[in-house]
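Dear colleague,

I am handing over a structure that will be new to you, together with some notes on what was found in it. Please keep it open beside this message as you read.

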Amino acid sequence: MKAGKIPILLVFAAVAGAFFYLDPGRYLTLESLKANRARLEELRAAHAFLFAAGFVLIYIAQTAFSLPGAAILSLASGAVFGVIQGTLFVVTGATIGAVLAFLVSRTLLRDWVVSKFGGRMEGIDRGLRENGLSYLLFLRLVPAFPFFLVNLACGVTGLPLRTYAVGTLFGIMPGSLVFVNAGASLAAIESVSQVASPRVLGSFALLGLFALLPTILKAVKKRREGKALPLERQ
């Protein structure tokens with residue numbers, strides 16, 4: 001491993017260790033959010049800019065280091081900031097955090113993954129290079145693919161950073177809006193799973209398939225053209 005990568009690994013190890021040692025996860029629960037909502041609103045009223053900046057920084061760190069708590073933070077954003085501001089802060093924090101995770105993955109893991117999986121990565125890499133935006137929107141919209149795994153997987157491919165950032169920005173908007181909007185009506189929520197209902201998840205899956213439609217049509221067109229070649233040669 002190159003010496004320049006060691007400090008990055010140490011930072012990630014230190015943050016992960018501090019998280020599990022301090023156990024802030026005990027505060028990232030629906031019950032704790034409901035109990036402390038009034039206090040959070042008071043802090044926001046007293047220190048609007050600092051409170052908003054602090055929230056976005058926390059969301060960036062949570063996403064960049066793949067820590068638990070994204071759903072509760074999104075609900076908290078809606079409860080404290082409202083739907084419009086809350087969605088803006090969540091999307092901003094999650095996108096920046098995802099870009100940082102992508103860069104770290106590309107810096108630390110790419111060489112190792114390519115050497116270990118070799119040819120099996122070539123097809124994935126080529127697909128993301130050629131149809132990166134459609135694939136990424138599909139991965140972001142369909143709930144079956146964990147957010148942090150998509151960050152890491154995309155980082156070890158040749159997907160351009162700009163495409164990754166744009167795809168992440170727009171791909172996470174629907175899900176962020178759903179959770180932030182639910183947080184704005186916090187009293188009506190009894191569990192986090194209630195927000196991600198089967199109907200909502202199904203809607204995301206349909207959006208994901210719609211995003212993948214251009215890639216599917218392109219593949220069908222190429223296949224048809226490939227079948228026509230032998231006839232043309234005759």
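Does Glu41 count as buried, partly exposed or exposed, and at what relative accessibility? Before the answer, please bear in mind that this is a predicted model. Glu41 counts as partly exposed, because its relative accessibility is 33% and the partly exposed class runs between under 20% for buried and over 50% for exposed.

Salt bridges

Glu41 forms a salt bridge with Arg37, and the closest N and O atoms of the two are 3.3 Å apart. The two residues are separated by about one helical turn, because they stand 4 residues apart in helix H2, which covers residues 30-46. Arg37 also counts as partly exposed, at 22% relative accessibility. A salt bridge also joins Glu42 and Arg39, with the closest N and O atoms 3.5 Å apart, and both of these residues lie in helix H2, 3 residues from one another, or about one turn of the helix. Glu42 is partly exposed with a relative accessible area of 48%, and Arg39 is partly exposed as well, with 47%. The count of salt bridges comes to 2.

The chain as a whole

The protein chain holds 12 helices and 0 strands, and read along the sequence its pattern is α-α-α-α-α-α-α-α-α-α-α-α. Of its 234 residues, 35% count as buried. Although Ser77 and Ser176 are 99 residues apart along the chain, their C-alpha atoms are separated by 9.9 Å. Val166 has its place in helix H9, residues 161-171, and is partly exposed, with a relative accessible area of 35%.

The largest pocket

The largest pocket holds about 780 Å³ of space and is lined by 33 residues, of which Ala70, Arg140, Phe147, Gly175 and Phe179 lie nearest its centre. The lining residues divide into 23 nonpolar, 9 polar and 1 charged. Several helices each supply at least two residues of this lining, among them H3 (48-64), H5 (83-108), H7 (120-141) and H12 (198-233). The most is given by H10, with 4 residues.

The surface and one loop

On the surface, Phe210, Leu213, Ile216, Leu217 and Val220 form a nonpolar patch, and together they have about 470 Å² of accessible area. Phe210 lies in helix H12 and is exposed, with a relative accessible area of 61%, so it passes the cut-off of over 50% for that class.

Finally, I would point you to Ser66, which has a positive phi of about 55° although it is not a glycine. Ser66 lies in the loop between H3 and H4, and it is partly exposed, with a relative accessible area of 34%.

With best wishes

How values were computed:
Residues numbered from 1 in each chain as written. Predicted model: local features only at pLDDT ≥ 70, side-chain atom pairs only at ≥ 80, totals over all residues. Heavy atoms only, no water. 1 Å grid on protein atoms, 1.4 Å probe; cavity = no way out; pocket = protein on both sides within 12 Å on 5 of 7 lines; lining within 4 Å. Points joined across faces, edges and corners; volume = space filled by probe spheres on them. Nonpolar A, V, L, I, M, F, W, Y, C, P; charged D, E, K, R; others polar. Buried < 20%, exposed > 50% of the residue type's maximum accessible area, 1.4 Å probe, protein only. Patch = residues over 30% accessible without salt bridge, like charges linked within 9 Å, V, L, I, M, F, W, Y side chains within 5 Å. Areas by Shrake-Rupley, 256 points an atom, 1.4 Å probe, with all protein chains shown as cover. Salt bridge = Lys/Arg side-chain N within 4 Å of Asp/Glu carboxyl O.
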